[in-house]
Amino acid sequence: MIINAICRALADKVKEICPHVSLSGGLVTAMPGQYGALPVATVSPLHRDTKHMAPDNMESAIIWFESGPSILKSSNSSIDLFTVDIRLVIWLNTNRITGEILNAEMSIINAVRGVNFDTENTPIKAANIEYTGEEQEGPQVFQRWAFDEAQNHLTLPPYRAAAHRFRVSYALARCADPVGTKIPLC
Amino acid sequence: MDINCIKNSIGLANCACPCLASNAPEGYNTSPSGLFVADLPGLDMLAGWESCEGPGNPWALLNEARAQAAIKLASDIGVKLAENKAVVRRNYTGWIGERASNRTVSLSKAYAGTRFELAPVEHGIVTLKEIGGVFASTAAVDLTLYDAENNEIATATLSATANRFSSVTLEEPINLPTRDRFGNAAQYFLVYTVADTPAPLAIRTSCGCGISVDTSFRLGRPYPQYIGNPAAAWVSWVMAGGFQSDNLDFSELSQTTSATSETNGLALHIVAECDVTKAVCSGEYDNAEAVNRVMATALHFQSGKIVADKLRLSTSPQRAMVVNRADLAELSAKWEVEYYTRIEWLGTNAKSENGGCVECRKTLSVQRILA
């Protein structure tokens, strides 16, 4: 839940300041398919829609986040400190992007680095994001997913796939504001 | 082929989806049959983009698939009808009219030229592509084509070389309706002004050599059907002859029952062919007609199959393909079966007998032969 909220905030920030990102997904869920798992995520800005994070030549850029487990680093009477490794996956369609492709990628990385979490209305009381590097690019970016690289050429020009790693350190309050109920939306 | 009648029997999408309608083809959400390509299960996944601009967009995909499916359907119907029916009228491409003569025609009126009537073949298409002629002197001959209601259809200038056959290709081939607006055989008049034109040579529609059918122009004369000699197949489609007149009132002239066997120096290059697609869709789609409805359903399935295959086999990724490729393969195979089931039905039930191109095969029973 917390990692999901962190990834939604990251996705929202990317969507806000990177107009070339047409589909900005939060933390993906592995959805079983006939050939294996496919990534599915809610998308920015409202996260009401769930979409397959599948490369699509009608999109200019797609991003989503994958994560490992969070690890408790320390705690005191009011706060627990965790770290979690986040993987940012970027799929770029250079046919639909103007300008230097590295700028397109770097602006996404910078957006992630520059996110400010809502520390007033959520239990997250502090957070720090550290960029820990890029993985080898190419088909292995999608290794976990049942995409058909041989058929679809998802990582060959005009497309580019990259994965970047971040370490997010965050402080989680041991208390939370009370939560009520509301009439469900029709 | 009347592809538009077939193609427009179904729409592309019944909403402003697959994505924004800003670049949707005209009439994308119009469907007289009520069927839309994007309504097929599996193809609704085409929705979900913020923009549909650019090449390879889903509108282009749907539109191309429907157009290709219409062409395939027309072709398959032709094959099926040819299997099930007997051809009664041979297609013809070529000239009507001789290329030379050793005498001239003496004209006494202000206008002259060639008059021709087309056999009222409902499923026929006659296209005029070129006009030829032989005149006694070298000159530019200005020609005008009228219908029997004095409507000017086309003009052309023939650069005639003295005593030699010359021709002019029309800027655009003209599809000539085989029936007038009253449903009768359509008549046309190809006219020049006598005073401005050298004397025409006395070429005839046919020398009669090797042709055992009547080629004369006589209103009411029945058109012979299947003609064994391909060079004479035009006789099944056209009656032509010469005329002269002091005015350009063809409504009156078209009542004259005969014309001269000489065409006043002119020859016509035509393509006359049967369009069997008219047996399944002619003019406007009619949802009350079972043949039309089955045709639209066949087109629906074939369009869906083409979309599914294009998605499945494209190296340019689309979400529906990446996510759904196994289902698309199964759906494609299923839709192909549905399509051919309907083609079979259409091959048997299409209303082709009254079209003037095909008829039911005549079968001889043993009993009849013995009798």
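I started with chain A of this predicted model, where 5 strands make an open sheet, ordered β1-β5-β6-β8-β7, with mixed pairing. Strands here are DSSP runs of E, at least two residues, and helices are runs of H or I, at least four, both numbered from the N terminus. I count two strands as paired if DSSP finds at least two bridges between them. β1 (23-27) and β7 (124-134) of chain A each have a single partner strand, so they stand at the edges with one side lacking a neighbour in the sheet. From one strand to the next, the twist averages 20°; axes are lines fitted to C-alpha atoms (for helices, over the stretch in contact), and angles run from 0 to 180 degrees between N-to-C directions.

Next I looked at β5 (residues 61-75) and β6 (residues 79-93) of chain A, which run antiparallel and are joined by 12 bridges. Which residue in β6(A) is the bridge partner of A:Trp64? I found A:Val89.

Helix α2 (residues 101-113) of chain A lies across β5, β6, β7 and β8 (159-173), at about 10° to β8(A). Contact means heavy atoms within 4.5 Å.

Then chain B: 4 strands form an open, antiparallel sheet in the order β2-β10-β4-β7. β2 (92-96) and β7 (166-176) of chain B are the edge strands, pairing on one side only. I noted an average twist of 20° from one strand to the next. β2(B) runs antiparallel to β10 (residues 266-274) of chain B, with 5 bridges joining them. B:Gly94 has B:Ile270 as its bridge partner in β10(B).

Bookkeeping: residues are numbered from 1 along each chain as its sequence is written, and chains are lettered from A and ligands numbered from 1 in the order in which they are written. Local features need pLDDT of at least 70 and side-chain atom pairs count only at pLDDT 80 or more, while totals for chains, interfaces and linings use all residues; side-chain values use heavy atoms, leaving out hydrogens and water.
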